[in-house]
Amino acid sequence: MTPRFLGLGLLAVMLLFAGFMASVGLLVREPLPILAPHQSLDLHSAELAPPITVTVAIDGRYQVTVTLDHAGHAAPPQTVLLPSGAGPIDMEWQSLGEGRLEGTGQMTRPGRWQVVLQTGQQAETLPFVVRE
């Protein structure tokens with residue numbers, strides 16, 4: 001082969017490699033937020049209007065406290081906390097005043113969890129990971 005063809009072939013391989021490396025950012029998803037014992041995590045709805053802020057806090061025994069700030073909504077959203085691949089956990093809810101709701105429950109295990117918010121016909125899932 002002539003040096004011209006070798007140079008063009010090498011250039012094509014390098015451009016393909018550079019294109020592949022540039023596309024890695026499109027293939028990788030944004031990581032989920034991580035919640036560790038004795039910490040709290042703020043999650044914000046993006047699809048519900050007006051936005052709802054959910055604060056999830058756990059203690060060392062995985063006792064969970066979920067606080068919802070739902071200002072601007074006529075009624076509090078239906079809220080479910082569930083581990084990935086399982087049913088929701090039982091939560092005891094109480095009102096903390098206008099636009100604020102707090103629930104407590106017992107998480108069953110660490111791993112991937114999600115808060116599901118539903119207001120009327122709209123629903124949004126807020127995933128996160130609970131660390132050991």
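Me: Start with Gly 99. Buried or exposed?
Reply: Gly 99 is buried, because its relative accessible area is 14%, under the 20% cut-off. Keep in mind that this is a predicted model.

Me: Where does Gly 99 lie?
Reply: In the loop between β6 (91–95) and β7.

Me: And what is Gly 99 in contact with, leaving aside neighbours within four places in sequence?
Reply: Leu 68, Asp 69, His 70 and Ala 71. Gly 99 also pairs up with His 73 in a distance check: 26 residues apart in sequence, 7.5 Å apart in space, C-alpha to C-alpha.

Me: OK, His 73 then. Which part of the chain is the place of His 73?
Reply: The loop between β4 and β5 (78–83). His 73 counts as buried, because its relative accessibility is 16%.

Me: What does His 73 touch, not counting residues up to four places away?
Reply: Ala 49, Pro 50, Ile 52 and Thr 119.

Me: Where is the place of Pro 50?
Reply: In the loop between β2 (39–44) and β3 (53–58).

Me: Switching to electrostatics. How many salt bridges does a search of the whole structure find?
Reply: Two. One is between the side chains of Arg 100 and Asp 69, at 2.5 Å, N to O. That pair links distant parts of the chain. Arg 100 is in strand β7 (residues 100–106), Asp 69 is in strand β4 (residues 63–69), and they are 31 residues apart.

Me: What about the salt bridge of Arg 61?
Reply: Arg 61 pairs with Asp 59, and the closest N and O atoms are 3.6 Å apart. The cut-off for a salt bridge is within 4 Å.

Me: Why do side chains pair like that at all?
Reply: Side chains of opposite charge can pair when their charged atoms come close.

Me: What else does Arg 100 touch, not counting residues up to four places away in sequence?
Reply: Its contacts are Thr 67, Leu 68, Asp 69, His 70 and Ser 95.

Me: Charges overall. How many positive and negative charges does the chain have?
Reply: 7 positive and 11 negative. Their mean positions are 15 Å apart.

Me: Zoom out. How many helices and strands are in the chain?
Reply: One helix and nine strands. From the N terminus on, the order is α-β-β-β-β-β-β-β-β-β.

Me: What is the radius of gyration of the chain?
Reply: 23 Å, whereas a compact globule of 132 residues would have a value near 14 Å. The C-alpha atoms fill a box of roughly 80 × 35 × 25 Å along the principal axes.

Me: How much of the chain do buried residues make up?
Reply: 28% of the 132 residues. The accessible surface comes to about 8,600 Å². Carbon and sulfur atoms account for 59% of that surface.

Me: What about contacts between residues at least 6 apart in sequence?
Reply: Of those, 50% join residues at least 24 apart.

Me: Last topic, backbone. What is phi of His 38?
Reply: Near 65°, a positive value in a residue other than glycine. Most residues other than glycine have a negative phi. The place of His 38 is in the loop between β1 (34–35) and β2. His 38 is exposed, because its relative accessible area is 65%.

Me: And phi of Tyr 62?
Reply: Phi of Tyr 62 is near 65°, a positive value. Tyr 62 lies in the loop between β3 and β4. Tyr 62 is buried, because its relative accessible area is 16%.

Methods. Residues are numbered from 1 along each chain as its sequence is written. This is a predicted model: local features need pLDDT of at least 70, side-chain atom pairs count only at pLDDT 80 or more; totals for chains, interfaces and linings use all residues. Side-chain values use heavy atoms; hydrogens and water are left out. Helices (H or I, at least four residues) and strands (E, at least two) are DSSP runs, numbered from the N terminus. The radius of gyration is taken over C-alpha atoms; the globule rule is 2.2 Å times the number of residues to the power 0.38. Buried means under 20% relative accessible area, exposed over 50%, partly exposed in between (1.4 Å probe, protein chains only). Contact means heavy atoms within 4.5 Å. Accessible areas come from the Shrake-Rupley method with a 1.4 Å probe; for residues, only the protein chains shown count as cover. Lys and Arg count as positive and Asp and Glu as negative; His and the chain ends are not counted. The place of a charge is taken as NZ of Lys, CZ of Arg, CG of Asp or CD of Glu.
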